[in-house]
Amino acid sequence: MMSLYHQSQSHSQPMATKKFSKFFPGKLRSMLDSVHGLGLAHGISWVSDGCAFAIHDPNVYMTEIAPRFFRKQTHLRSFH
């Protein structure tokens with residue numbers, strides 16, 4: 001299992017508008033908040049303290065998750 005961690009300083013702040021979700025931080029938060037309900041938390045999820053996220057399965061992330069939220073992202077390295 002490969003994990004990539006990213007610290008988030010704004011996770012505790014609510015998403016104020018739909019406009020926010022058009023930008024990367026909003027899309028990222030929407031994705032992380034949605035993966036459990038989609039049955040895809042085995043690919044990426046918040047870590048236990050909710051202040052960072054981990055990519056658990058890069059293949060699942062790139063083939064099943066990223067295309068739903070990031071239209072132009074084609075490489076994992078462009079994500080971090």
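**A guided look at the β-α-β-β-α chain**

Guide: Starting at the N terminus, the protein chain's elements come in the order β-α-β-β-α. This is a predicted model, where local features need pLDDT of at least 70, side-chain atom pairs count only at pLDDT 80 or more, and totals for chains, interfaces and linings use all residues. Residues are numbered from 1 along each chain as its sequence is written, and side-chain values use heavy atoms, leaving out hydrogens and water.

Visitor: What makes residues 58–69 a helix, α2?

Guide: Helices are DSSP runs of H or I with at least four residues, and strands are E runs of at least two, numbered from the N terminus. The chain has two helices and three strands, and α2 covers residues 58–69.

Visitor: Why are some residues of α2 called buried?

Guide: Buried means under 20% relative accessible area, exposed over 50%, and partly exposed in between, with a 1.4 Å probe and protein chains only. In α2, Val60, Tyr61, Met62, Ile65, Ala66 and Phe69 are buried, so each of them falls under 20%. Their cover includes α1, β2 and β3.

Visitor: What makes a set of residues a nonpolar core here?

Guide: It's a set of buried Ala, Val, Leu, Ile, Met, Phe, Trp, Tyr and Cys residues joined through side-chain atoms within 4.5 Å. The largest one has 16 residues, and Met31, Ile44, Tyr61 and Ile65 have the most contacts inside it. Its largest share, six residues, comes from α2.

Visitor: Which residues does Ile65 contact, leaving aside neighbours within four places in sequence?

Guide: Contact means heavy atoms within 4.5 Å. Ile65 meets that with Met31, Val35, Leu40, Gly43, Ile44 and Val60.
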